[in-house]
Amino acid sequence: MAEYVAPLRDLRFAINELADLSGVAALPGFGEANAELAEAILEEAGKFATGVLSPLNWPGDQAGARFDAGVVSTPAGFSTAYQQFVEGGWPALGAEPEHGGQGLPHLISAAVSEIWNGANLSFALCPMLTTAAVNAIARHGNEQQQACYLPKLISGEWTGTMNLTEPQAGSDLSAVRARAVPEGDHFRVHGTKIFITYGEHDFVPNIVHLVLARTPGAPEGVKGISLFIVPKFLVNADGSLGERNDVRCVSIEHKLGIHASPTCVMSFGDGAGAVGYLVGEENRGLAYMFTMMNLARIEVGVEGLAIAERAYQRALAFARDRVQGRDIGARQGDRVAIIHHPDVRRMLLTMKAQVEAMRALSSVAVAALDHAQHNPDTEQRQYYQGVFDLLTPVIKGWCTEQSVEIASLGIQIHGGMGFVEETGAAQYLRDARITPIYEGTTGIQANDLVGRKVALEKGLTARQLLTQMAAVERELAAASDADLVAIAGEFAPALASLVAATEWVLAIYGADVRAASAGAVPYLKLWGVVAGGWQMARAALISHRHLEGGGVERDFYRTKLATARFYAEHILPQAQALERVICKGSASVLSLAAERF
Amino acid sequence: MKILVAVKRVVDYNVKVRVRADGSGVETADVKMSMNPFDEIALEEAVRLKEAGTATEILAVSIGPAAAQETLRTALARGADRAVLVESDLPAEPLGVAKVLAALVRKEAPGLVILGKQAIDDDSNQTGQMLAALLGWPQATFASKVVIDGAVARVTREIDGGLETLEVNLPAIITADLRLNEPRYITLPNIMKAKKKPLDQHKPEDFGVDLTPRLRTLRVEAPAQRSGGVLVKDVAELVTKLKTEAKVI
């Protein structure tokens with residue numbers, strides 16, 4: 001089976017030409033970063049992904065993680081690969097320098113994330129969760145907690161987990177029941193947590209769990225949840241590992257996909273109670289989690305993008321190789337590879353165009369996060385924070401929903417060969433399927449977009465982004481190039497649909513929040529389709545300038561221009577249909593009473 | 001001991017090379033370039049000798065266009081301590097390269113020079129040998145194992161009949177074969193450190209070397225397309241075809 005190859009050229013285009021890496025690198029605190037360094041990093045990450053992580057993806061899926069009497073084993077090769085990953089220094093990429101991180105921009109670390117996830121999603125989840133734990137402790141932990149845990153989590157010597165979900169508390173974390181009882185300088189934690197990714201495994205000697213639990217007398221609901229550090233092994237004053245803590249994995253889930261990633265049921269406090277250390281203040285746990293949630297959601301969006309890219313690579317290789325039938329336009333002649341059939345081309349381009357649009361939009365979003373955190377100008381920071389916050393649910397929801405569709409198209413291109421597991425195409429669909437679910441389902445993302453990100457700020461950021469899109473529309477309208485004219489013709493009505501739907505959301509949210517919520521997922525998808533089209537239109541304008549200027553890499557820019565036109569003509573027309581669904585369809589969603597289903 | 005390692009920027013080994021339409025060479029514009037794989041092995045061997053305490057400093061040298069700086073940055077990330085680019089846009093022919101390297105060796109006085117046995121672009125397999133001749137140093141080519149023992153190097157090399165071990169006095173020239181070692185993955189901290197390591201730039205004139213080509217390429221063409229095979233019904237037919245069609249027996 002062909003190994004994953006990091007899409008270095010398109011990554012470079014997205015981070016340099018669309019997301020302006022040089023502008024990000026010029027921000028205070030990013031002294032080291034530039035295009036040359038980014039290229040070296042992406043190139044070496046790509047080699048590691050192709051040589052080490054990708055070959056484990058399919059065997060890992062087939063073998064799966066195993067649970068036996070409390071011991072969790074990852075598939076053959078995973079633990080060794082993790083040691084190599086740590087020796088390579090990769091876990092430290094985006095972490096802050098004061099605790100041993102490299103302090104590189106999110107724009108670079110997100111691109112590297114795409115590479116790990118494309119090569120092996122099940123593997124990449126472990127460092128991804130560790131990064132989330134690092135962010136939590138770095139932002140909200142005290143000095144002693146930071147000194148104790150951060151260096152080893154950042155180096156990858158230990159890994160981290162997020163323990164939020166309980167059987168009765170999924171999307172609604174206000175129902176969390178785990179208890180934490182104070183005892184001297186620590187707490188004793190009791191309770192059961194489910195769906196804990198890499199909650200137990202054989203990579204490292206210690207696992208640092210971040211656990212949501214209630215202290216005695218805490219208020220009901222979301223305002224009574226606190227955050228605790230619960231290490232698998234207690235850490236002695238000298239940093240060595242001490243007593244085994246009272247936390248155990250009691251089983252792992254049998255899942256549709258990401259088989260190699262152990263999804264654990266964790267039991268805290270079967271005995272005297274697991275020793276836990278309060279992070280920050282009591283009852284602020286959920287608020288702390290939310291400060292990290294956006295980044296984790298972008299990461300999951302990037303997972304969707306990454307699997308979609310891999311599904312495309314696999315389908316493309318198959319379409320070039322598989323010979324079936326003759327060219328439909330020729331009466332005779334040899335049998336041809338199926339890439340010569342128009343419908344196969346259409347499917348391949350549907351995959352490729354959307355993958356590139358997703359990569360472009362997520363790069364622009366993470367660049368906004370870098371500005372939000374590092375720009376010296378307060379107003380600029382606020383503006384970029386708004387952009388990042390608004391685009392987060394779009395990227396999480398849209399990239400992951402599309403990844404399922406794209407992985408499914410990948411199977412379709414394989415025909416019957418895709419439906420059997422041996423070709424590997426099916427794994428991408430099974431793996432992709434979790435991404436619209438975890439870290440907040442698409443429905444949750446869409447409600448966040450409609451409510452917090454658009455309506456509550458009265459459309460401030462939304463209108464700023466729409467204004468930027470309108471500027472691109474004007475630039476396209478002034479063009480005479482045939483491809484750009486065609487793109488302009490599709491982008492203008494699509495943008496008008498997003499404007500109209502946004503005005504509808506703003507008008508109805510206060511009056512009828514249920515109606516707004518009924519249209520929320522189509523509205524999120526509309527944002528993805530049009531904002532993706534906005535980035536592809538920018539890509540087309542940039543490519544056109546390169547081609548006009550007689551620059552190098554003409555094949556790349558010609559391909560980009562053709563792909564952008566395909567996106568405009570095949571994807572953007574969905575916008576008008578979505579607008580109608582949003583603005584007219586909410587009544588029919590709510591007309592059927594629950595008991596009449 | 002200082003080790004000098006020569007690295008060449010070549011078309012990446014994953015690229016399917018295309019012959020230029022005018023037959024003057026292969027297409028290198030807009031093509032991914034990277035370090036010659038045999039040079040990666042040479043460099044890895046130097047790094048291992050340094051890790052073992054045998055070597056104290058590794059100098060990476062490239063003769064090529066300005067863009068070969070990227071190749072040298074990679075060499076620095078792989079463990080070279082400093083790098084020298086001798087910039088020239090002329091084709092890097094073995095004799096010219098050997099002359100530049102000889103001048104650098106006289107200036108830097110390394111105890112050992114390791115090169116890839118050949119570059120995968122022109123497959124000349126000459127530079128190391130020419131360099132040894134120019135310097136009057138011993139040479140051990142196609143190394144699959146290198147042991148430094150005081151003032152000598154014992155080099156195992158792959159020859160047609162098996163393995164041959166040579167002992168050469170240092171300083172010497174060694175060229176690396178495929179099985180000498182397996183280069184490791186570059187680590188992120190080393191990529192970051194490579195940015196700060198020194199990379200000096202020179203011109204061939206600085207060493208009194210004229211790189212004007214002495215070879216003339218008449219024409220470059222792609223190998224003939226393979227035609228489909230046929231099934232023969234018996235040995236007699238096979239022998240007949242070999243005689244009459246293939247004309248090989």
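User: How many residues of domain 2 of chain A are in contact with domain 3 of chain A?

Analyst: The model is predicted. The assignment places domain 2 of chain A at 159-285 and domain 3 at 289-589, and their C-alpha centres lie 36 Å apart. Contact here requires C-beta atoms within 7 Å. On the domain 3 side seven residues take part, and on the domain 2 side the number is seven.

User: By class, what residues make up the side of domain 2 of chain A that touches domain 3 of chain A?

Analyst: Charged residues are absent from this side of domain 2 of chain A. The classes present are four nonpolar and three polar residues.

User: Which helix of chain A gives the most to the side that touches chain B?

Analyst: Chain A has 17 residues in contact with twelve residues of chain B. By class, the chain A side has eight nonpolar, three polar and six charged residues. The helix that gives the most spans residues 35-53 and supplies six residues: H3 of chain A.

User: Which residue of strand S11 of chain A stands opposite Lys193(A)?

Analyst: Strand S5 (residues 186-197) of chain A runs antiparallel to S11 (residues 263-268) of chain A, and five bridges join them. In S11(A), the residue opposite Lys193(A) is Met266(A).

User: Where in S11(A) is the residue that stands opposite Arg248(A)?

Analyst: Strand S10 (residues 247-252) of chain A is also joined to S11(A) by five bridges, and these two strands run antiparallel. Opposite Arg248(A), the position in S11(A) is Ser267(A).

Definitions and conventions. Residues numbered from 1 in each chain as written. Chains lettered and ligands numbered in written order. Predicted model: local features only at pLDDT ≥ 70, side-chain atom pairs only at ≥ 80, totals over all residues. Domains from an automatic or database assignment. Contact = placed C-beta atoms within 7 Å. Nonpolar A, V, L, I, M, F, W, Y, C, P; charged D, E, K, R; others polar. Helix = DSSP H or I, 4+ residues; strand = E, 2+ residues; numbered from the N terminus. Pairing = 2+ DSSP bridges.
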